[in-house]
Amino acid sequence: MSETIKVKTMAEYASSGENPDILFWVGCAGSFDERAKKISRAIVKILNHVGLKFAVLGTEESCSGDPAKRAGNEFLFQMQALNNITVMNGYQVKKIVTGCPHCFNTLKNEYPSLGGNYEVIHHTQLIQQLIDSGKLSVTGGAFAGKKITFHDPCYLGRGNDVYEAPREVIKKLDADLSEMKRSRAKGFCCGAGGAQMFKDAEKGNKEVNIERTEEALALEPAVIATGCPFCMTMMTDGVKHFNKEQQTKVLDVAELAAQNFNLT
């Protein structure tokens with residue numbers, strides 16, 4: 001049974017005349033998918049651990065509109081985006097951290113043209129900043145010496161040039177960071193991006209996530225790390241396909257960090 005975590009909403013802060021330092025944009029997966037909820041809890045655990053004043057929108061948060069836009073429904077995307085922008089501007093939101101590269105990319109790059117101008121960072125960037133500033137320590141502990149390979153989410157890496165932040169966090173765990181042949185700017189998709197998550201696969205002789213998981217498992221890692229709930233689903237399914245769940249775990253960078261700071 002998971003522990004109950006209480007997080008204040010923007011509405012609760014507003015009712016007391018306060019403003020949090022940062023809005024945690026949870027995202028649809030982080031709110032409703034059982035596996036992705038664990039990533040959201042890890043992010044909250046880190047934010048609480050360092051004493052950062054943050055809030056969520058709660059029931060006022062709607063889908064960022066990324067799936068609709070990628071699937072070609074621009075009208076639905078703009079409806080969803082404008083609704084979210086109205087809510088966030090009403091709370092005078094300035095800075096946002098996301099648990100999902102899809103939300104990160106959409107809020108950062110596509111909301112400004114619709115009137116939503118915010119400083120948007122991905123949770124791996126925030127964790128790196130907290131480590132660099134000395135507010136968070138994850139050195140040693142559960143993952144020391146273990147081989148970890150990082151799968152670059154498309155919208156984090158090639159979409160926004162964020163390659164080093166997640167890797168710096170993994171290195172701080174004293175882990176053995178091992179790179180796949182296709183990584184960083186030459187990374188390979190997990191198979192879920194561009195709204196592919198929500199449609200049947202096209203004809204072919206192999207699923208994309210199986211191809212990617214094969215690359216990761218060839219390194220015989222203890223952990224396949226990622227920073228995206230879509231990638232989490234696809235890589236986890238891939239590991240299950242090869243019956244490697246006992247040998248290799250799939251964990252988000254936030255989970256790696258959250259598991260380790262209690263051990264320092």
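**Entry 1**

The model is a predicted one: local features need pLDDT of at least 70, side-chain atom pairs count only at pLDDT 80 or more, and totals for chains, interfaces and linings use all residues. I note also that residues are numbered from 1 along each chain as its sequence is written, and that side-chain values use heavy atoms, with hydrogens and water left out.

Next I looked for the partner of Glu 12. Lys 6 forms a salt bridge with Glu 12, and the closest N and O atoms are 3.7 Å apart. A salt bridge here is a side-chain nitrogen of Lys or Arg within 4 Å of a carboxyl oxygen of Asp or Glu. Lys 6 counts as exposed, at 64% relative accessibility.

**Entry 2: Salt bridges around Glu 179**

I searched the whole structure and recorded 18 salt bridges. Which residue forms a salt bridge with Arg 167? The partner is Glu 179, with the closest N and O atoms 2.6 Å apart. This pair links distant parts of the chain, twelve residues apart: Arg 167 is in helix H8, and Glu 179 is in the loop between strand E6 (176-177) and helix H9 (208-217). Helices (H or I, at least four residues) and strands (E, at least two) are DSSP runs, numbered from the N terminus.

I then compared accessibility. Arg 167 counts as buried, at 0%, whereas Glu 179 is partly exposed, with a relative accessible area of 27%. Glu 179 also meets the side chain of Arg 184 in a salt bridge (3.1 Å, N to O). Arg 184 is partly exposed, at 28%.

I noted a network of salt bridges as well, which links Arg 182, Lys 206, Glu 211, Arg 212, Glu 214 and Glu 215.

**Entry 3: Ala 165**

I found Ala 165 in helix H8 (residues 164-172). Is Ala 165 buried or exposed? Ala 165 is buried, with a relative accessible area of 6%. Leaving aside residues up to four places away in sequence, Ala 165 touches Thr 124, Gln 125 and Gln 128; contact means heavy atoms within 4.5 Å. I also looked up Gln 129, which is 36 residues from Ala 165 along the chain, and the C-alpha atoms of the two are separated by 8.5 Å.

**Entry 4: The two domains**

I recorded domain 1 (10-128) and domain 2 (138-260); such bounds come from an automatic or database domain assignment. The domain centres, taken over C-alpha atoms, are separated by 23 Å. The contact takes 26 residues from domain 1 and 26 residues from domain 2.

How much area is buried between domain 1 and domain 2? The value is about 2,100 Å², of which carbon and sulfur atoms give 73%. Buried area is the accessible area (1.4 Å probe) that two parts lose on being put together, summed over both.

I found one salt bridge across this interface. Glu 255 forms a salt bridge with Arg 35, the closest N and O atoms being 2.8 Å apart. On the side of domain 1 that touches domain 2, the elements that give two or more residues are helix H3 (34-49), helix H4 (66-70), helix H6 (101-109) and helix H7 (123-132). H3 gives the most, with eight residues.

Conventions:
Buried means under 20% relative accessible area, exposed over 50%, partly exposed in between (1.4 Å probe, protein chains only).
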